[in-house]
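Could you walk me through this structure one feature at a time? I'd like the general idea, then the case here.

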Amino acid sequence: MKKIYSLLAAALLLSFSLPSAAVTKKPTAKRKATKAQAQIPSPSKTKGPLYAGRPDVMQQAEAIAERRSLNLPWVQKTLGQARFMPGIAKAILPPPVGVPKNWAAYRSRFVEPVRIQAGTRFWQNNLETLQRAEAQTGVPARIIVGIVGVETIYGQNTGTFRVIDALATLAFDFPAAHPRAEARRAFFLAELEEYLALTARTHTDPLALRGSYAGAMGWPQFMPSSWVKYAVDFDGDGRVDLFNSQADVIGSVANYFKAFQWQPGMATHYPVHFDAATLDPAFLQNPDILPAWTVADLAAKGVLVDPPGNQHNGPLALIELQNGEEPPEFVAGTANFYAITRYNWSSYYAMAVIELGDAVAEAVAAPPQVTAADDGGVTK
Ligand SMILES: [Ca+2]
């Protein structure tokens, strides 16, 4: 449960988008919920009041219009039609503490047949685009495919909340009970401003777009600021469309990782084993996703990186994946593992992206299965 909430919450931690980006005017097509998707709890859609009745929000509209050089009546009208969504304000709270993390359970939600099959289709339909993105950025197809699969099952689950409602609720009614309420409220106010500026610039109806309960949009679930900073027009039609253009989605995810210093050709992580004689148990108590140790540093603590990782140049992180009541697993994460956590600040998320991408790559590479119908053409 914790992982799921942290995953969804993480969708909002990311931040995405390029100058002159254009947003589509059409919300993504709705599709039937899949089995995998049904496992993810969604906040209540109960509607609260319109923000038109909130004097503080109308005052904020003036400040936003001033800061972003937006048309004041348009900002007031738009925010006035946004709604407080009590379910979102509740869902944004952190999960209860003390729930043990469980990598095996987390993994099973993402590295599963529905996603692998959808990912295989996505890869096969976008072979040339994935190759072009990899050639330009060094980001492998399997990482891009892993991200889009974990985020939205390849566009099947891009979110059903009005982006304006999600961002307004979290900007104007962020729950004070949250441990970092002030910083998060400021984050969402900035995202709301970015969203208004983006939709104004691209002549998009700000009331029309739908996304996650945190306001993340499209197949890759980019927040408005990420859309502005990192999204690219990768199919060359002159606008950025992360709802309908798979090429723009692929190019934008690759560009995001390039911006976060993806190192072409570098592995994401290596297996490790422990040397019982020199293992420093205290060292294992403080795992961190930030790469800070050389292979020799880790060896001095009794953590031996398996080949070829023992030849790795550059810092490594000791990544812990807890397994509930079972013993945790550890791996050595590289700068590329860290880059994946810039998309969503969780080592469990990063590992699910990697393993889903690997599973899809394996399925794509597998020789086509011979069926009775094409095995000699003899069927009954
Ligand atoms: Ca485009």
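Q: What share of the contacts in the chain with a separation of 6 or more comes from residues 24 or more positions apart?
A: Two residues are in contact if their C-beta atoms, placed from the backbone, lie within 7 Å. Here, residues 24 or more positions apart account for 77% of the contacts with a separation of 6 or more. Keep in mind that this is a predicted model: local features need pLDDT of at least 70, side-chain atom pairs count only at pLDDT 80 or more, and totals for chains, interfaces and linings use all residues. Residues are numbered from 1 along each chain as its sequence is written.

Q: How many helices and strands does the chain have?
A: Helices (H or I, at least four residues) and strands (E, at least two) are DSSP runs, numbered from the N terminus. This chain has 17 helices and 6 strands.

Q: Which strands form the open sheet, and in what order?
A: Strands pair if DSSP finds at least two bridges between them. The open sheet has 4 strands in the order β4-β3-β6-β5, with antiparallel pairing. At the edges sit β4 (303-305) and β5 (317-323), each pairing on one side only. From one strand to the next, the twist averages 40°.

Q: How many bridges join β6 to β5, and how many join β6 to β3?
A: β5 and β6 (residues 326-333) share 6 bridges in the antiparallel sense; look for L318 opposite A332 of β6. Strand β3 (residues 269-274) pairs with β6 over 3 bridges, also antiparallel, and H269 has G333 of β6 as its bridge partner. The strands β5 and β6 also make a hairpin with 2 residues between them, and G324 in that turn has a positive phi of about 65°.

Q: How do I read two packed helices?
A: You describe them by the angle between their axes and the distance between the axes. Axes are lines fitted to C-alpha atoms, for helices over the stretch in contact, and angles run from 0 to 180 degrees between N-to-C directions. Take α6 (residues 103-110) and α17 (residues 347-365): the angle is about 45° and the axes are 10 Å apart. That makes α6 oblique to α17 (under 35 degrees is roughly parallel, over 145 roughly antiparallel, 65 to 115 roughly perpendicular, the rest oblique). The contact involves W103, Y106, R107 and F110 of α6, with Y348, A352, E355 and L356 of α17.

Q: At what angle do α7 and α9 pack?
A: Helix α7 (residues 113-125) and helix α9 (residues 141-152) pack at about 130°, with axes 10 Å apart. They are therefore oblique to each other too. On the α7 side, the contact uses R115, A118, G119, F122 and W123, while α9 brings A141, V145, V148 and G149.

Q: Are I153 and Y154 buried or exposed?
A: A residue is buried if 20 or more other C-beta atoms lie within 10 Å of its own, exposed if 12 or fewer, and partly exposed in between, with C-beta atoms placed from the backbone. I153 is buried, with 22 such atoms within 10 Å, and Y154 is buried with 23. Across the 380 residues of the chain, 45% count as buried.
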